[in-house]
Amino acid sequence: MSLEIFISQFASSAIHSVLVHPLERLRGLLAVKNELVAEERLQDDTFIGPFDCVLWQIHTAGAASLSHGSLETIVLSTLPSFLLNSLIPRRATMQWFGFASKQQGYFRWLAWTVLSGATQSFLRLLVTLPFSHAAVKMTHDVQVNGQYMFANPGVVYRRAFAEGTVNGIFQVYRGLSAALLGVITYRATYFMAGDLIPKSIDARVRPLLVLLPACVLSLPFDVVRRRVMQLPVADRRSAVTYACDVYENEGAAAFFAGWELAVLQTAVGSGLYAFATHIVSIVKETGAAWI
């Protein structure tokens with residue numbers, strides 16, 4: 001990959017992160033609302049749905065609060081993931097599991113595709129999750145008496161490691177299993193939807209139709225990941241145990257908190273990806289050395 005292509009692709013990813021971050025933040029707040037209430041940082045009736053959450057954020061902290069944590073997301077989440085995708089390409093993990101084609105059986109091919117992708121994601125998460133931990137905590141942060149608990153990533157890590165190195169490592173890797181299960185669900189749904197949705201549909205619409213089922217079906221794992229990451233160090237429940245407790249106390253609807261925003265975020269992301277792909281193709285064709 002040339003330096004021009006690398007920078008153009010990262011720039012498109014960074015722009016995407018900035019533009020969709022308000023949606024990401026609102027999704028996070030809706031997902032971890034009960035944890036914030038338990039920490040006595042929110043009232044139970046502060047907001048109910050996405051619209052209430054937007055109005056509450058703007059009223060209490062201004063419109064700029066919707067972008068809280070956006071820079072940290074780019075530096076601590078987007079950039080490391082982007083670099084590792086370049087260092088550990090998916091074709092490398094594909095080779096570990098041999099090769100399977102659709103002619104050898106659809107479900108064998110699907111299992112091979114999902115497994116190789118999940119392995120790449122697992123290796124990436126082992127490196128990036130401790131970094132993205134700070135970005136997620138800042139994204140979920142709310143102001144109390146005009147102050148954020150996590151004003152910068154250093155505060156996040158100081159609090160995480162305040163009770164020792166072991167507890168700190170446990171804290172920054174929280175949500176790993178839920179994240180991995182989410183990736184597996186997303187990839188399996190994505191490839192199956194890609195085969196089931198007719199190719200005759202307009203090429204500008206079809207990617208969104210493929211992405212939406214993957215987004216919705218993987219959403220429960222994303223909600224569990226966010227909520228587990230919000231738990232205090234003393235609460236050592238696993239993601240599975242906590243998910244069972246959430247289901248028992250709040251019902252299945254709790255796993256789809258902010259689904260409207262997730263759908264909107266997918267739609268916006270799909271449009272931005274199409275635009276970025278067009279720009280990258282122009283760079284490839286022209287070979288412009290604009291650095």
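**Helix packing and burial**

Mentor: Start with a pair. Helix α10 (residues 206-229) packs on helix α11 (residues 239-250) at about 105 degrees, with axes 10 Å apart. Axes are lines fitted to C-alpha atoms, for helices over the stretch in contact, and angles run from 0 to 180 degrees between N-to-C directions.

Trainee: What makes α10 roughly perpendicular to α11?

Mentor: The class covers 65 to 115 degrees. The angle is about 105 degrees, so α10 counts as roughly perpendicular to α11.

Trainee: Which residues make the contact?

Mentor: Contact means heavy atoms within 4.5 Å. From α10 come V224, R227 and V228; from α11 come A239, Y242, A243, V246 and E250. By class, six are nonpolar, none polar and two charged. Ala, Val, Leu, Ile, Met, Phe, Trp, Tyr, Cys and Pro count as nonpolar, Asp, Glu, Lys and Arg as charged, and the others, Gly among them, as polar.

Trainee: How does the span of α9 compare with the expected one?

Mentor: The expected span is 1.5 Å times one less than the number of residues. Helix α9 (residues 176-196) has 21 residues; 30 Å is expected, and its C-alpha ends lie 30 Å apart.

Trainee: Why are residues of α9 such as L176 and G182 called buried?

Mentor: Buried means under 20% relative accessible area (1.4 Å probe, protein chains only). L176 and G182 are among the buried residues of α9, so both fall under that cut-off. Of the protein's 291 residues, 45% count as buried.

Trainee: What are the ground rules?

Mentor: This is a predicted model: local features need pLDDT of at least 70, side-chain atom pairs count only at pLDDT 80 or more, and totals for chains, interfaces and linings use all residues. Numbering runs from 1 along each chain as its sequence is written, and side-chain values use heavy atoms, leaving out hydrogens and water.

How values were computed. Helix = DSSP H or I, 4+ residues; strand = E, 2+ residues; numbered from the N terminus. Buried < 20%, exposed > 50% of the residue type's maximum accessible area, 1.4 Å probe, protein only. Parallel < 35°, antiparallel > 145°, perpendicular 65-115°, else oblique.
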